[in-house]
Amino acid sequence: MFIKICANTNLADAQLAVELGADAVGFVFAPSKRQMTLEQAESIARLLPAGVEKVGVFATDDPYEVEHSMAASALTVAQLHNEFDQGMVQALSGEFGGKLKIIQAVSYEVNATERAAADARFEAALRAVLAEPAIWAVLLDAAKGGVSGGLGTTFDWAHAAPIVRRVYASAQDGKRELPKLILAGGLHAENVGTAIAEFAPWGVDVASGVEAAPGRKDPAKLKAFIAAARDAVR
Ligand SMILES: O=C(O)c1ccccc1NCC(=O)[C@H](O)[C@H](O)COP(=O)(O)O
């Protein structure tokens, strides 16, 4: 199980996540109460072990902003947290010779007034992302009123999981490996086992559920989350 601890804002938290067994740590460049500058993230990322993925989280439609940040830093993965833009993803991937690991977020709207229409949009977005070979992983997250990222909100897993399974099954043509599935959205130590049982994801991601306050990790929550995620797949 790949475990990403997102929205780090200081070296001590990122190092603790790594010591406790996180596979990836994230830094948010998107507008957020946990927003970092590239320079701040870089000063942390370059002190972390080589095997740990250092994820930059962007919400921009400018591929050059992402390209510049990724090329000039110790970051190893770009997470695109805005709506999927195939042209941007292909341009970005092309700049790195197809070697850049790109995570694309796809959000499930929790406050939909028209559930069927929201489901159709979610399904179409997921289908489009899975069809794009430049995507390394898709991150499922919750959205409220079209806003997503670090909300600490879960979504209706029992409703969404069959949609996700169906889209993955129909995208599978046996010719290439599909983007990996990373589950996010309101996860914490007490619910991550259930979430893993529902979706059988390749990885899980958390921000709010391991915090003492926005941008500051709670060591006990962090430890419990990583242990619970690992236990769920033993
Ligand atoms: O974490 C943020 O504040 C954030 C803000 C804007 C865009 C993305 C953001 N985070 C990206 C992540 O990968 C989070 O871990 C993910 O959204 C889950 O967050 P949470 O529900 O708080 O665990």
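Before I show anything, one definition: a crossing of two helices is called left-handed if the near helix is turned anticlockwise from the far one by less than a right angle, and right-handed if the turn is clockwise. Please keep that in mind while we look at this structure, which is a predicted model.

Let me start with the confidence values, where the protein averages a pLDDT of 97 and 100% of the residues score at least 70, while for the complex the predictor gives an ipTM of 0.99 and a pTM of 0.97.

Now to the pair of helices: α7, residues 192-199, and α8, residues 219-232, have axes that come within 8 Å and cross at roughly 35°, and this crossing is right-handed. On the α7 side the contact is made by V192, G193 and I196, and on the α8 side by F225, A228, A229, D231 and A232. Sorted by class, the residues of that contact are six nonpolar, one polar and one charged.

Next, the ligand, which has 24 residues around it, with C6, S32, G149, G150 and S208 coming nearest. Two strands, β2 at 24-28 and β9 at 203-206, each contribute at least two residues to this shell, and the shell as a whole divides into eleven nonpolar, ten polar and three charged residues.

Finally, the annotation: an unreviewed UniProt entry places the domain "N-(5'phosphoribosyl) anthranilate isomerase (PRAI)" at residues 3-227.

Note on methods:
Residues numbered from 1 in each chain as written. Predicted model: local features only at pLDDT ≥ 70, side-chain atom pairs only at ≥ 80, totals over all residues. Near = placed C-beta within 6 Å. Helix = DSSP H or I, 4+ residues; strand = E, 2+ residues; numbered from the N terminus. Nonpolar A, V, L, I, M, F, W, Y, C, P; charged D, E, K, R; others polar. UniProt positions renumbered as here; feature names shortened; annotations may be inferred. pLDDT = per-residue confidence, 0-100. Axes fitted to C-alpha atoms, helices over the stretch in contact; angles between N-to-C directions. Contact = placed C-beta atoms within 7 Å.
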